[in-house]
Amino acid sequence: MITGSEALLRALIDEGVDTIFGYPGGQAIPIYDSLYDYRDKLRHILVRHEQGATHAAQGYARVSGKVGVTLVTSGPGATNTITGIADAMIDSTPIVVIAGQVPSPLLGTDAFQEIDVIGITQPITKWAYQIRKPEEIAWAVSRAFYIASTGRPGPVVLDFAKDAQVGMVDYQYKKVDYIRSYQPEPDIKPERIRDAAALINAAQKPFCLVGQGVILGEAEEEMKAFLQKNDIPAGCTTLGLSALPSDFPLNKGMLGMHGNVGPNRKTNECDVLIAVGMRFDDRVTGDLATYAKQAKIIHLDIDNSEIGKNVPVDVKVLGDAKQTLPMITSLLEKRKRPEWNAEFDPDAAEEYTKVIEKELYPTSGYLKMGEVIRQVSEATDNDAVLVTDVGQNQMMAVRYFKHKQTRSVVTSGGLGTMGFGLPAAIGAKVGAPERTVCFFTGDGGLQMTLQELGTIMQEKLDVKIILLNNNFLGMVRQWQELFFHKRYSATEMENPDFVQIAKAYGIASREVQRRDELADAIREMVSHKGPYLLVADVEEEGTVYPMTPAGATVTTILMGDE
Amino acid sequence: MEDRSMTTKKLYTVIIFSENTVGLLNQITIIFTRRQLNIETLSVSPSALPGIHKFTITTFADEDMIDKVVKQIDKRVDILKAYYNTDEDLVFQEIALYKLSTELFIKMGTVEELIRKYNARILEMNETCVVLEKSGHYEETQALFRELSETIGVLQFIRSGRVAITKSRVERLSDMLAEMERKLERRRNGNPING
Ligand SMILES: Cc1ncc(C[n+]2csc(CCOP(=O)(O)OP(=O)(O)O)c2C)c(N)n1
């Protein structure tokens, strides 16, 4: 017989866990006590705030494809994880959050640090379960991992009552890989495969939208083969970035509000639109009433509730893209579509002269975000893991950082969580220790979870932090500039000396203001062994272009020359 | 409050089969709440199959909305099957109880006639009160309520949520369970499986 706490750890180990991001407290002390005996098998990374533990677990999951694990105490420990859980839910990230809970006889009594974790997290989890008896642990943990990692992945919460932690149990691992009420891999309808292939074969101008589902389903190669066989150009959603290498010839760039001009325009010019593992978010579609009305739409997704949710679909291909894509590919004609593919070129050229060139290769004025990002990308051989925060830094980074391999972008898409980046970068580095991790952030977002510099210090994590400092909540300022007559309400920031802050944490740091210092500073950062904070003082009132204003037609694209 | 245009909205009956686990009602209702759909009636009970619960929920919605809501419900891990129907596809009933003053009830004189007309029955009668029971569709139980209210007055009135059975020959739950069974069978090549 072992304690419930030990059973929990054994169950985690049996699920293949070797890393936990967490923070202890009263109702989790027995678990932490057991952890002391399992230090050699389970690496515990002590964050500085529980929100950081969830984002770190997300970053870990996103780069490694494994389930990220968070361990926290009850009450405020649990409520601090909410933002990360919500973020994982909307971005389909597999994490398991284990929260201590007051002993079950005290449940419902407003006991010290009791909070209704299940009630709070039900809307933002795939599954939330309260463990009240030690006998439930083996089942609940295995079920949690099964649910989090299968089908459309997502967060699971286990609310672990203290009496179950200290109670004794005869632990035996039992893998859960079947739940009667849960079908993670829906059956594939062969007629839908045929319909999809027929539409594509008959198409003159097919266009493909590549979403994160391709990465989550490990269908990158299947995706490429599909595109190549029929010579179909593609655009990636923000979360779909790195499913295709940046220089893959059929990869025409990013979709969405700050995406590339070609993919957005061609959405409304193609005759068949093939969406793979993406959910037609409003930041991708703009005004739905005018979105791709001319096109027949094929939607491949593993989540039945996504198909037809925002955009009416002509051919619904429910299933795992790793299976459905090659099934369709096998029915596709080998085609070359040079003219259609060439139609993206003028758009790319226009975007280059109106936006990209100025952003990436400026010769005068203050530093631009884009040039910093481009240079860091190049200095890391265009093969680093990109982590971003939220705002202008994020949109610039996803636009200009380049990728060679999959799972190279970690960003908060659906929730747009400022403060996500620093802890996510920690998780990314732990999840992919052999890769360089470059984290771009703004002065606002960095300060939302700044305390995680302590985690970086303690764990000696080699994360390259690039602060694109504009002394503004830049993205909000941009909206105020463009749509609110430059009334900069509450967006100016008086900032601390970030280099001094980094130094206080023992993190190497340097600030650059001048263009002629930039390359050297980046070189110093990249060659430095260990974490580094590069503070790039960028132009204060820079603007992310192109931009499709919220709710506008996807082809309404501002490029700063209006 | 705004008049939620009843023109495109219809009354739908959502039928949900779930595992018998704690907290499922909450999971279901938040899906309605998030889309500002009002639940008109709700009834929950064990189904004919051991361990499986059945929820019957009615709500006014347009088809597009109800379709999305049902898919969201169906997606929840512990939900076995969710689907929606309109009245044409269903046999359905509600049950209503009416508490009346015994004195006024007797004085009314037309008691037998009333009971026959509405196909109601007397469940309880004592010195102070009479309890009538009537099952039927909403309009029918409501009609009796109206008539009683206008004549002798109703001391207490309660109507249950709708219970419904589909007319169709397809038994979605048993078909789905059979399908799951078949799948499980196919997968049972030595792997230990428990759920
Ligand atoms: C937690 C949270 N609060 C508020 C916002 C709204 N918001 C989106 S972008 C942004 C500005 C971000 O400023 P900064 O971090 O300095 O980055 P920049 O846009 O300047 O690159 C704000 C406030 C958000 N996305 N998340």
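**Notebook: chain B and its contact with chain A**

I started at the contact, which takes 29 residues from chain A and 27 residues from chain B; contact means heavy atoms within 4.5 Å. This is a predicted model, where local features need pLDDT of at least 70 and side-chain atom pairs count only at pLDDT 80 or more, while totals for chains, interfaces and linings use all residues. Residues are numbered from 1 along each chain as its sequence is written, chains are lettered from A and ligands numbered from 1 in the order written, and side-chain values use heavy atoms, leaving out hydrogens and water.

Next I looked up the area buried between chain A and chain B: about 2,400 Å², with 43% from carbon and sulfur atoms. That is the accessible area (1.4 Å probe) lost on putting the two parts together, summed over both. On the chain A side, A:Q122, A:Y178 and A:R180 supply 31% of what chain A buries against chain B, more than any other three residues.

I found six helices and nine strands, taken as DSSP runs (helices H or I, at least four residues; strands E, at least two) numbered from the N terminus. Chain B is more spread out than a compact globule, because its radius of gyration is 21 Å, well over the 16 Å that the globule rule gives for 195 residues. The radius is over C-alpha atoms, and the rule is 2.2 Å times the number of residues to the power 0.38. I noted a C-alpha trace spanning about 75 × 40 × 30 Å along the principal axes of chain B.
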